[in-house]
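I opened this notebook to record what I looked up in one model.

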Amino acid sequence: MKVIYLGKEVELEDGIIGFNAVKALDPERRKEALAFKVGERIYDMNQVVPEGELSFVFPSDKEGFEMMNHSCSHLMAQAIHHLYPHAQFGFGPAIEEGFYYDVDFGEEKITDADFPAIEAEMRKLSKEAIPYKRKELSIEEALEVFKDNPYKTEHVPELEAPISMYEQGDFIDLCRGPHVPNTSYLKHFKLLSLAGAYWRGDSKNKQLTRIYATCYPTEEALKEHLEVLEKRKANDHRRLGKELELFMLSDYGPGLPFFLPKGMVIKNELMAYWREVHIPEGYKEIETPTMLSRELWEISGHWEHYKDNMYTTKVDEKDFAIKPMNCPGALLTYKNSLHSYKDLPLRLGEFGHVHRHEASGALNGLFRVRGFTQDDAHILITPDQIEDEVKRIMSIFDRMYSVFGLSYYIVLSTRPDDYIGEKEFWDRSEKILAEACEHSGHEYRINEGDGAFYGPKLDFKLRDTMGRTWQCGTIQLDVNLPHRFGAYYIDEKGEKAEPVMLHRVVFGSVERFIGILIENYGGAFPTWLAPVQVRLLPVSPEAHGEYGKEVYDILMKEGIRVELDDANEKLGYRLRNAVVSKIPYSLVLGEKEKETRSVTYRIYGQKDQITVPLDEFIALIKKAIKEKARF
RNA sequence: GCCGGCGUGGCUCAAUGGCAGAGCAACUGAUUUGUAAUCAGUAGGUUGCUGGUUCGACUCCGGCCGCCGGCACCA
């Protein structure tokens, strides 16, 4: 039999299994190979090698890592099976940085204090080098094997026969495979956390206990990963927000962030930047009320569909709701005057402070809050302006995200089952959005059927320190709301026509975006965003404090955010404070500087001391601010 | 909302049934400082709230609130 190996044709005996193939082709690494791959499919080492392009999977490969973790989830399940014989197993897949298994422990309560015992049992089983044996059964046979497990019993009939199983000693599990040859390949693992997870992700179902864990090829790699997890915590925006006094949260208003003076600087700078970009793009800024009457929310449909998430109140026997979205208000402003097709696109921007009663368990720092500011805009266009407008918006997104050095991916959500409007409108819009994604040069995915009932949408996802992704920007097409509000424009023929509305946000929630930025910069903001841009440090406050005050006044007048630290402390101490506060520029002012009207600056994260005339420093920092450069 | 964990001075953490403590920060004084922590002193807590068990509760138990990790949610 001939196979292609490393681009060359090689001869292997017919019916050879993976173990023997690696022995023949790559004898040095034969003990490391976890599996072999022919074409796109991965096989266990004891399976017969079919014809095609052959390669081997090693622990260092992405596929190898995934396999190890998948096999490790079976190992963990076997250990749990030994310690908790009544435990029933749901699903246990590999995930990006490890694996989990959903387990029904019945009446038994499990806490992370039980982890060491499970790990110990896993280690014992690992030493026994129990082989993973693949079996293929009919549906009836599989149901017989799992007759006591309601979860597998539910799952088996949904699969196509033959049903593959993997048996390791006294434990058997339903599984597509492939797996590492035996449990001794898994030595460096750790159980990480415990969580409740609904069976099949449906909150109507029973909640199982999910155990998250991870497995690495070597002890060093595992250690390294655990260190990464620790380091990520140091960049957590909640921690940095507290340390740097950017924002706070109070028990008096869960999910309702307070912006402290330093955080407010960032928020204001972001809004200023937003205007700087949008006004020349033809956006007009509006402001609509925070609270509007029930009748309005009935027209928009929110009263019926979104009431559980709205804060409502009764005034003079009349129901009001605090806005969870800005669209109805924006449409009222649109309807305030008559519009011709010549007015379109009409771009109405608004920093709208909305409130939504999110589930208590969903709240998370600035990422998920109950009150937040959307950098919203509602754009009213004719149906044939969709393409052009979407492209314009995407170029704004690209421009703005790149200023922050943020990478993102796009998700296109298409027509759901319960859509409204013409199917043709949907097809055309989806095509336009998909093309826009392709031209953007960014990674994009399609979420089939996940669009809103009123139109397809593009979501822009940014990643946080912990590797979680958060929706920030979005572009949504909407044919519903303009219709419900009876919005129209006069077309070329002098007839009334219904506009299409685009909802779009770049930051999404300014609060969430700030959270992402805090983590992205590790709290060390570029000069233009830094709450304090310059800290002045007179060498001796007594001798040089006067010059310090002079420089302070000059920089203040130039609009630079400056602080003077003339505390009665050594220079080293005050410099350290400036560094810990992550201030971009620390300026040392001593005898030399005083005499020559100069400053000696040191940039955050660098050790160089550079002395320049004061005027020159002002010019260089202003340039950095103007260009939104880091320094 | 659900599962599990957690809640101690402004911050980070200790004390596990027996007198609530440390470091940092704050304040006072000395020192007058040249690139990541000068020294000494002072003050600061009804241990999230609430009910119970106990001679005695930060510690054990119940309820509530909040936070954290997930799940669900995010038209």
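The entries below follow the order of my look-ups.

**Entry 1: conventions.** I worked on a predicted model, in which local features need pLDDT of at least 70, side-chain atom pairs count only at pLDDT 80 or more, and totals for chains, interfaces and linings use all residues. Residues are numbered from 1 along each chain as its sequence is written, while chains are lettered from A and ligands numbered from 1 in the order in which they are written.

**Entry 2: chain A as a whole.** I noted a C-alpha trace spanning about 80 × 75 × 55 Å along its principal axes. I found 19 helices and 33 strands, taken as DSSP runs (H or I, at least four residues, for helices; E, at least two, for strands) and numbered from the N terminus. Of the 631 residues, 36% are buried, that is, have 20 or more other C-beta atoms, placed from the backbone, within 10 Å of their own. I also looked at contacts (C-beta atoms, placed from the backbone, within 7 Å). Among those with a separation of 6 or more, 67% join residues 24 or more positions apart.

**Entry 3: domains.** The bounds come from an automatic or database domain assignment. I read domain 1 as 2-58, domain 2 as 63-232, domain 3 as 260-288 + 323-521, domain 4 as 290-322 and domain 5 as 534-626. The C-alpha centres of domain 1 and domain 4 are 65 Å apart.

**Entry 4: a sheet of five strands.** I traced an open, mixed sheet with the order β30-β29-β31-β32-β33; strands pair if DSSP finds at least two bridges between them. At its edges are β30 (562-564) and β33 (610-613), each pairing on one side only. Neighbouring strands are turned by 30° on average, direction ignored. Strand β32 (598-603) is antiparallel to β33 over four bridges, and Y601 stands opposite I610 in β33.

**Entry 5: helices on the sheet.** I found helix α16 (541-557) lying across β29 (534-538), β30, β31 (585-589) and β32, at about 155° to β29. Helix α17 also packs on the sheet, touching β29 and β31, with its direction at about 175° to that of β29. Axes are lines fitted to C-alpha atoms, for helices over the stretch in contact, and angles run from 0 to 180 degrees between N-to-C directions.

Key
Contact = placed C-beta atoms within 7 Å. Buried ≥ 20, exposed ≤ 12 C-beta atoms within 10 Å, placed from the backbone.
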